[in-house]
Amino acid sequence: MIILETGRLIVRDYKKSDLNDMHRLWSDRETMYYLDDVLCHTVEDTAKYLKNGLDNADGHYFCICDRVTGNYMGSIGYTITDTTPLGKIVHMGYMLLPEHHKHGYMPEAVVKVIEFAFTKDNCIRISSGCHKDNGASAKVLEKAGFRKEGERIKAVYHDGVMKDRLEYAINRDDFVNSAV
């Protein structure tokens, strides 16, 4: 089991016993507003995502917990999008229960997962993105060291309209050089 620790958080592999907490997050309409394609309506829906998280066959998926209480706070992970002779290229996603928003937890978790991906999992590039009107997610990525690489105009269908999407990435060399 992979366990990553920060000053306030434990970021660890999922366990079967995380299903109810995970469902509370993945079925929360406020949290999942920008992630409506993975919104879970039933515990059975969530169980499918949990199984993927337990298998870690196509990436790494972690739950975020409070370091002191052990309480479940959110989810973070990445999917392998390509494998090169130099290492893996992955795409990261994350979400946090609403009561934990605006406390700086997510940038803390993202940085820890970036560090793991680049130093322990042979990743060379991590991409991520968000709807342009999701300013909180854009701030998370920028605080964690991602660079904005582009803006796709009216690129995603969401909430009945086409919306702009921001694309971000960080490369292993940039991360290593910034940590020196």
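Is Met106 buried or exposed, and at what relative accessibility? Select Met106: at 6% relative accessibility, Met106 counts as buried. The words used on this tour are set as follows: buried is under 20% relative accessible area, exposed is over 50%, and partly exposed is in between, with a 1.4 Å probe and protein chains only.

Before you move on, note that this is a predicted model, in which local features need pLDDT of at least 70 and side-chain atom pairs count only at pLDDT 80 or more, while totals for chains, interfaces and linings use all residues. Residues are numbered from 1 along each chain as its sequence is written, and side-chain values use heavy atoms, with hydrogens and water left out.

**Stop 1: around Met106**

Met106 sits in helix H3; helices (H or I, at least four residues) and strands (E, at least two) are DSSP runs numbered from the N terminus. Show its contacts, meaning heavy atoms within 4.5 Å. Leaving out residues up to four places away in sequence, Met106 touches Ile64, Ser75, Ile76, Tyr94, Met95, Leu96 and Val140. Now draw a distance from Met106 to His41: they are 65 residues apart in sequence and 24 Å apart in space, C-alpha to C-alpha.

H3 has 16 residues and reaches 22 Å from its first C-alpha to its last, close to the 22 Å expected at 1.5 Å a residue; the expected span is 1.5 Å times one less than the number of residues. The buried residues in H3 include Tyr105, Pro107, Val110, Ile114 and Phe118. Just after H3, Asn122 takes a positive phi of about 55 degrees.

**Stop 2**

Step back to the loop between E5 and H3, where you will find His100. His100 counts as buried, at 18% relative accessibility, and it touches Tyr72, Met73 and Tyr105, again not counting residues up to four places away in sequence.

Lys102 is in the loop between E5 and H3 too. With a relative accessible area of 85%, Lys102 is exposed. Check the backbone here: phi of Lys102 is near 65 degrees, a positive value in a residue other than glycine. Most residues other than glycine have a negative phi.

**Stop 3**

Select H1 and colour its buried residues, Met22, His23, Leu25 and Trp26. They cover an arc of only 160 degrees around the axis, which puts them on the same side of H1; the arc is that of the directions from the helix axis to the C-beta atoms. These buried residues of H1 pack against H2, E4 and E5.

Which residues of H2 are buried? They are Thr46, Leu50 and Gly53, and they cover an arc of only 55 degrees around the axis, which puts them on the same side of H2. Turn the model to see Glu44, Lys48 and Lys51, exposed residues on the face of H2 turned away from its buried side. What covers the buried residues of H2 includes H1 and strand E3 (59–66). Just after H2, look for Asn56, with a positive phi of about 50 degrees.

**Stop 4: strand E7**

Gly150 is found in strand E7 and counts as partly exposed, at 22% relative accessibility. Gly150 touches Arg165, Leu166 and Glu167, not counting residues up to four places away in sequence. The C-alpha atoms of Gly150 and Tyr168 are separated by 7.1 Å, though 18 residues apart along the chain.

Lys154 also has its place in strand E7. Lys154 is exposed, with a relative accessible area of 57%, and has a positive phi of about 45 degrees although it is not a glycine.

**Last stop: the largest pocket**

On a 1 Å grid over the protein atoms alone, a pocket is an open set of points where a 1.4 Å probe fits, with protein on both sides within 12 Å along at least five of seven lines, and lining residues have an atom within 4 Å of a point. The largest pocket is lined by 49 residues, of which Leu35, Gly93, Tyr94, Met95 and Ser137 lie nearest its centre. The largest share of this lining, six residues, comes from E5.
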